[in-house]
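Open the model in a viewer and keep the selection panel at hand. The tour goes from one selection to the next and says what is found at each stop.

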Amino acid sequence: MSTEIVVVPHTHWDREWYEPFQRFRLRLVALLDEVLDTMEREPGYHFTLDGQLACVDDYLEVRPENRDRVAALVEAGRLAVGPWQILLDEFLCSGENIVRNLELGMDRADKLGGAMPVGYLPDMFGHTAQMPQILRKAGLLHACVYRGVPSSVTSDAFAWVAPDGTALRTQYLPAGGYGNGAHLFHDPEGLAERAAAFVATMREWHGPEGPLLAMYGTDHSAPVRGLPEMVAAIGARMDTLSGYIGQYSGDVAGLPRVEGGLRSHARANILPGVISIRPHLKQAMSRAERMVERYAEPLATLWGGEWPGRFLDMAWWRLVDASGHDSVTGCGVDETAQQVAARIAEAEHLGQAVRDMVTARLAATVPSDGVLVVNPTPDVRAGIVVVDVAGIDPLVDPSGAPVPTQPLEYAPTLLLDEEMDPATALTFIHGTELYGQHITGWSVDHGVLTFTVARETTAAFDVADLRGALDGVTRVRIVAEPRRTVAAMVEVPPLGHTSLRPVPHERVFTPPVPSGGLPNVQHHASCWLGSDSATLPVRGDEQVIDNGLLRVTIAGDGTLTLVGRDGTTVTGAGRIVDGGDVGDTYNYAPPLDDRIVSEPESVEAELVCSGPLVAAVDVRRTYRWPAAGAGLEGTPEVPALSRISRTEEIVVTTRVELRAGEPYVRLHVEFDNRCVDHRVRLHVPLPAVATESYAEGQFAVVARGLTAEPGCGEMPMPTFPASSWVAAGGVAALLEHVTEYELVSVEGSADGEPTGGELALTLLRSVGYLSRNRNALRPEPAGPQLPTPAAQSRGLRSVSLALMPCASWQEVPAAAESFRHDLVVAPGLGNRSLDLPAPGTGLSVTGDGVVMTSLRDRDGWRELRVVALTPNDTEAVISGSLTEARYADLRGRPGASVQVAHGVVRLPLRAWELSTIQFRQH
């Protein structure tokens with residue numbers, strides 16, 4: 001048997017899960033103390049440390065004196081570490097987060113002696129389509145997986161093929177996954193028989209020749225004493241995972257091919273309910289990733305001063321840590337979820353700080369009565385911003401041309417008017433500050449002391465001068481300068497900036513009036529929206545809003561009818577459906593006798609604003625939702641796995657907003673969740689029959705059908721994750737965070753075939769247990785049955801999304817790019833005497849299907865990453881006074897030169913290709 005079994009001792013270390021991080025770390029330190037002692041005592045002992053550097057970091061933070069011991073074992077090839085920083089959930093973080101995770105893990109492993117050259121993915125709840133390309137472009141030739149593998153794979157190795165065609169040799173862990181050999185050595189007695197049975201089972205997967213992989217370890221497991229002797233007793237040998245896989249060259253010839261993502265239920269549970277549990281974690285993660293990836297890093301690269309690398313590194317550490325497969329998933333105890341939320345919040349705060357530092361630097365050139373507007377996207381952008389400015393004068397851009405505006409709100413000018421001892425009023429003053437503004441003047445008249453205040457002041461003020469004028473004062477008044485909040489339509493250069501300011505009417509440049517345009521009647525100036533439908537004004541009332549690209553009609557039941565420019569019509573969009581969920585954080589499970597509520601008891605619509613730039617209506621629907629499920633055991637009156645009869649009144653408010661120039665309607669859904677054990681979904685009927693959906697995520701667009709492949713224990717629910725958008729049957733939903741969706745078939749034709757369908761988006765899944773021992777849709781527990789009351793997600797809940805009729809999913813990425821990345825507004829910080837600075841262009845990245853995923857400073861170069869979200873070969877056009885450029889891999893290692901002509905790079909891209917270049921600019 002000496003050539004038949006290779007034993008790989010390891011532990012699968014869930015960093016945080018059914019206990020919070022620090023409690024697990026105590027156990028980790030004890031385990032690794034034992035591993036190091038054993039390995040130094042037994043020269044033949046090998047150990048694989050779960051493919052993640054986090055285990056090493058967490059250990060060495062407590063035992064820093066053992067770093068050299070760890071490094072010596074890594075350098076000797078006996079202790080395998082990395083390549084990941086942490087074992088992530090691949091669907092609940094961005095593609096860029098996956099890249100940075102791998103980059104961090106491999107760089108840190110190199111400092112210890114080198115990373116395990118295997119993309120080890122042992123316990124993720126399915127795998128993303130582009131993972132083979134990501135691993136190959138980081139220099140890895142092998143992957144190793146367990147969950148999500150389809151039934152078409154009947155061997156322990158296959159060629160995993162990414163959408164761009166990259167094929168990676170992938171080791172499959174059948175017959176027990178990463179613990180397929182965990183049962184072998186629990187007892188010396190019967191060892192030979194267990195080994196023989198193991199060989200018989202694994203030969204069916206591996207074939208008649210070659211050694212068999214026995215993964216000896218499981219969750220949080222320590223090595224059993226006497227292991228080397230037992231391994232020798234069955235004639236096996238011990239090695240690391242990379243030692244076993246290293247016998248293969250990486251050639252995929254002759255291996256079965258599996259294309260795209262791995263989300264089959266055929267061989268293992270993939271626990272899809274983690275996508276929708278604790279939605280606040282998913283919202284926070286996506287928000288923080290966008291802040292760091294698409295605001296802080298690119299703006300600091302192009303417009304910052306000294307590179308704030310340490311702050312950005314700290315943000316990425318927190319984002320990567322939060323991406324753990326038992327972290328952002330929300331399938332741990334409440335204490336774990338609280339720690340993850342805090343980590344994500346810190347990452348967002350760090351990103352905000354860097355963004356604000358850069359915008360403050362730019363705003364220093366903008367007069368203090370103006371505003372700076374920054375574009376975080378790499379193409380010219382015309383969009384709506386909301387700005388706060390003084391006075392009632394019209395706004396102009398740097399050319400002096402008027403900017404279309406719409407007043408939204410006027411700030412109160414009378415801040416205080418009360419009978420008061422003036423000495424008390426003087427205690428409110430701090431320097432020139434009073435009531436959050438600055439004193440511009442004061443007067444005393446007929447016993448009334450009046451202060452005038454504004455956001456800034458140049459007036460000299462000495463409280464001592466005021467004290468002598470207070471005789472007879474019995475009343476104090478504070479009057480602020482007039483200020484207003486307005487919506488403004490502005491055009492901003494790619495990854496660049498422009499600015500606005502109010503000026504008197506007589507100083508406004510008057511352009512020719514375009515035919516069919518709309519005057520900005522608010523300011524009686526020649527400020528026009530063009531006649532092209534992309535800039536036609538929005539008009540609206542309580543029932544209909546229309547911007548020339550999209551017409552939205554609000555029905556009596558609160559749902560929406562959308563009519564696109566090409567006539568594509570969506571009827572009944574936005575229906576809210578509440579149903580029971582007596583499952584757990586891993587798997588949705590409807591009650592045996594469910595009570596579905598989809599019809600509101602009452603509906604109200606209130607016009608918020610009617611255009612010409614923004615029209616919005618608040619739709620309030622009142623429902624009676626069952627208050628709870630019956631609990632684990634039920635009652636004599638209410639059986640287990642059902643919903644109780646008591647109901648709660650729930651008001652769901654949906655702000656329906658349409659902006660000039662946007663082909664989609666924005667929805668902000670908000671309600672106070674006072675119920676438990678339920679699922680809330682927003683349904684969108686499809687304009688046309690659809691048998692598949694298209695969802696963006698992690699550098700790919702994935703086509704999925706109406707079903708999921710069954711085979712293992714759990715019910716194969718056809719619910720799937722979408723990161724920034726999902727489209728089907730002529731309509732797309734643009735998303736702010738990873739969202740669970742299902743393409744719901746609608747039966748109704750004579751032959752029983754689907755005649756239409758609905759896109760169902762999960763807004764909330766509310767459950768009270770980490771895992772239930774009895775889950776109707778999963779026969780075995782997924783973890784310990786521990787209460788998770790915070791996973792009920794009580795309290796105010798809100799979700800923002802947009803709906804867009806579309807002829808093809810290829811129309812959607814550009815719309816999602818603008819929806820997800822708002823223009824940034826910052827107040828001017830320069831002297832009021834300054835003119836508005838000229839607009840500035842940072843970097844333009846265009847091309848059919850080309851999406852920028854990262855832009856940062858790296859070792860004196862600027863590094864740009866793009867992906868071709870298209871099934872066709874394409875070209876990325878990168879312009880912005882480039883002087884030299886070169887390719888790089890995902891670890892930042894430079895490659896061949898890239899031609900630069902007239903400051904422009906034309907980068908050919910295969911369909912679905914991920915490409916990184918480093919460049920310099922004038």
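This is a predicted model: local features need pLDDT of at least 70, side-chain atom pairs count only at pLDDT 80 or more; totals for chains, interfaces and linings use all residues.

**Stop 1: the cavities.** The structure contains 11 cavities of 30 Å³ or more.

**Stop 2: the lining.** Next, colour helices α4 (95-110), α9 (279-303) and α14 (812-820), along with strands β35 (693-697) and β45 (850-858); each of them supplies at least two residues of the lining of the largest cavity. Which element gives the most to this lining? That is α9, with five residues. Colouring the lining by class shows 10 nonpolar, 10 polar and eight charged residues.

**Stop 3: a hairpin.** Now select strand β32 (residues 647-659) and strand β33 (residues 665-673). The two run antiparallel and are joined by five bridges. Pick threonine 653 and look across to β33, where its bridge partner is glutamate 670. Then go to the turn of the hairpin: five residues lie between the strands, and glycine 661 has a positive phi near 85 degrees.

**Stop 4: the other partner.** To see where residues of the two strands face each other, select asparagine 673, which stands opposite glycine 795 in β42.

Methods: Residues are numbered from 1 along each chain as its sequence is written. Side-chain values use heavy atoms; hydrogens and water are left out. On a 1 Å grid over the protein atoms alone, a cavity is a set of points where a 1.4 Å probe fits but cannot get out, and a pocket is an open set with protein on both sides within 12 Å along at least five of seven lines; lining residues have an atom within 4 Å of a point. Grid points are joined across faces, edges and corners, and a volume is the space filled by probe spheres set on the points. Helices (H or I, at least four residues) and strands (E, at least two) are DSSP runs, numbered from the N terminus. Ala, Val, Leu, Ile, Met, Phe, Trp, Tyr, Cys and Pro count as nonpolar, Asp, Glu, Lys and Arg as charged, and the others, Gly among them, as polar. Two strands pair if DSSP finds at least two bridges between them.
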